[in-house]
Amino acid sequence: MIVRSLVVRSSYQDSLVLMRIAQDLRSQPGVEQAAALMGTPSNLEVLAAAGLSTPASAEAKAGDLILAVGAGDDAAAEAALRVGRDRLSTRVTSSVEPAGTRSLERALRDRPQSNLAVISVPGQYARLEAMRALRRGLHVFLFSDNVAIADEVALKRYAVGRGLLCMGPDCGTAYLAGVGIGFANVVPRGTVGIVAASGTGLQAVATGIARLGAGVSQGIGVGGRDLSDEVGGLMTFAALDGLDRDPSTSLIV
């Protein structure tokens with residue numbers, strides 16, 4: 001297998017975009033394996049374990065985007081990387097077109113009934129953006145990863161003090177008042193509330209409940225580190241308290 005990679009410096013993309021690009025790469029002729037991810041230390045370990053690491057990708061930083069391809073020959077690998085480069089270029093072009101709201105303040109003026117902010121920015125900026133939303137009384141679904149644990153603790157302490165949810169960081173799934181957020185399966189409304197540190201775990205439980213003929217009232221993701229000693233379950237306890245007060249919830253998982 002021939003392995004080739006492309007590293008785009010300082011080019012953050014969220015997981016949804018990267019998953020779509022990786023899927024496109026895998027569908028190209030002659031491609032056996034492919035990945036599209038940010039150059040965080042854990043992602044570099046994933047690449048190495050998959051046999052997709054190259055000298056260029058091994059030098060990538062957390063804010064760098066990596067496209068990696070394993071193919072039957074060099075031509076197929078390079079052709080797939082060109083497809084990935086084109087996908088990124090198309091996304092950049094479309095993102096600069098003027099379209100709708102460009103700031104939190106304008107969004108709240110246009111939609112004053114809003115009570116939730118979904119945030120997906122590079123980890124070093126996540127605290128600033130999430131705190132900005134919390135200070136305006138919004139619950140936060142923090143999709144960003146690579147967030148310092150001290151920032152997570154500060155955000156969650158502030159949220160708890162204001163009676164708000166700060167789901168995440170690296171929160172992939174939630175169900176709030178019948179609305180699926182992030183990677184959410186379509187499941188019926190019901191009386192079972194879920195609190196989960198894992199987005200895939202939350203999806204598995206929610207779909208299992210649906211298969212058994214019941215439904216979900218609320219599904220709250222708290223992020224994979226919430227139950228660590230450092231964070232102390234701040235959002236888990238807040239979520240449990242919220243579900244305990246929720247009239248639509250009769251059972252909590």
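This is a predicted model: local features need pLDDT of at least 70, side-chain atom pairs count only at pLDDT 80 or more; totals for chains, interfaces and linings use all residues.
Ala-196 is part of strand S9, which covers residues 189-196. S9 and S10 run parallel, and six bridges join them. How does the chain get from S9 to S10? The path goes through helix H8, residues 199-211, and this β-α-β crossover is right-handed.

Now S10 itself, residues 216-221. Is this strand enclosed or open? Six of its six residues are buried, so S10 is largely enclosed by the rest of the structure. Buried here means under 20% relative accessible area.

Next, another sheet. This one is open, has three strands in the order S4-S5-S6, and its pairing is parallel. Which strands stand at the edges? They are S4, 116-119, and S6, 166-167. Each has a single partner strand, so one side of each is left without a neighbour in the sheet. Strand S5, residues 139-142, pairs with S6 over two bridges, in the parallel sense. Within that pairing, Val-140 stands opposite Cys-166 of S6.

Last, the surface. Phe-237, Leu-240 and Ile-252 make up a nonpolar patch there, and together they have about 260 Å² of accessible area. Phe-237 sits in helix H9, which spans residues 234-245. Buried or exposed, for Phe-237? The relative accessible area of Phe-237 is 53%, and the cut-off for exposed is over 50%, so Phe-237 counts as exposed.

That is the tour.

Technical notes
Residues are numbered from 1 along each chain as its sequence is written. Side-chain values use heavy atoms; hydrogens and water are left out. Buried means under 20% relative accessible area, exposed over 50%, partly exposed in between (1.4 Å probe, protein chains only). Helices (H or I, at least four residues) and strands (E, at least two) are DSSP runs, numbered from the N terminus. Two strands pair if DSSP finds at least two bridges between them. A crossover is right-handed if, with the strands pointing away from the viewer, the path from the first strand over the helix to the second runs clockwise. Patches are made of residues with over 30% relative accessible area and no salt bridge: like charges are joined within 9 Å, nonpolar side chains (Val, Leu, Ile, Met, Phe, Trp, Tyr) within 5 Å. Accessible areas come from the Shrake-Rupley method with a 1.4 Å probe; for residues, only the protein chains shown count as cover. A salt bridge is a side-chain nitrogen of Lys or Arg within 4 Å of a carboxyl oxygen of Asp or Glu.
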